Amino acid sequence: MPNLVAGALAPLDIAALAGPDAPTHAPRILLLYGSLRESSYSRMCAEEGARVLRALGCETRFYNPSGLPLPDDADADHHKVAELRQLALWSEGMVWSSPERHGAMTGIMKTQIDWLPLSPIGGVRPTQGKTLALMQVSGGSQSFNTVNQMRILGRWMRLITIPNQSSVPMAWKEFDGGRMKPSPLYNRIVDVMEELARFTVMTRHRSSMLTDRYSERVETLEDVHKRVSS
């Protein structure tokens, strides 16, 4: 990783971030990207992020959206849908990296998110309480339309969306041979991945507590009362 300054990237201090009762396994991060082009800059940005995450001690996996059907155009047991959902269940945090197309995230990116349900799968919600980092690439001047849209979706999916984010303008200028050149834009990606890793370690074992909701507890009590009284 020639762009990193030697000694400047500190490893995760899991004990300091999460306390003595926290799990110590490598944080599990799923990376999604929103373009199927061979020279996909959103994928290449995600790959740069994954390298940083692995250097920090995380485990990373990618999902290739090629072949994923449109929402409601196939059953949930379609092999590409099942693969995406299993990866979401496996993960403790996510990275969403999309190009900006016509001033918005791509349909490829949105389709992946739309196939992730809010309802539980096997008793587990695939996104609720997990962490999320956002990145976008643009062919022209810098924009934040896509990361802002994805931030709304992250909140809707009950993900803990970290404050920092990355937007890479004129992405075609920032890469050489599939690798990102040294620049403040690259440094921002490193910042985002560091923050994601830390938030993941801090929150992953407290997810059930952080997402425990009064309204859902009340509803559950009412349902129990109806069953007992019937």
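**Close-up views of a predicted model**

**View 1. Helix H2 and its buried residues.** Helix H2, spanning residues 41–55, has 15 residues and reaches 21 Å from its first C-alpha to its last, close to the 21 Å expected at 1.5 Å a residue, where the expected span is 1.5 Å times one less than the number of residues. Helices (H or I, at least four residues) and strands (E, at least two) are DSSP runs, numbered from the N terminus. The model is predicted, so local features need pLDDT of at least 70 and side-chain atom pairs count only at pLDDT 80 or more, while totals for chains, interfaces and linings use all residues. Residues are numbered from 1 along each chain as its sequence is written, and side-chain values use heavy atoms, with hydrogens and water left out. Among the buried residues of H2 are Met44, Cys45, Val52 and Leu53; buried means under 20% relative accessible area, exposed over 50%, and partly exposed in between (1.4 Å probe, protein chains only). Gly57, which follows H2, has a positive phi near 105°.

**View 2. The structure holds two aromatic pairs.** Rings of Phe, Tyr and Trp (its six-membered ring) pair if their centres lie within 6.5 Å, and planes under 30 degrees apart count as stacked, over 60 as edge-to-face and the rest as tilted. Tyr33 and Phe62 form a tilted pair, because their ring centres are 6.4 Å apart and their planes lie at 55°. This pair links strand S1, which holds Tyr33, to strand S2, which holds Phe62, across 29 residues. Tyr33 is buried at 7% relative accessible area, whereas Phe62, at 30%, is partly exposed. Tyr41 and Phe175 are likewise tilted, with centres 5.5 Å apart and planes at 40°.
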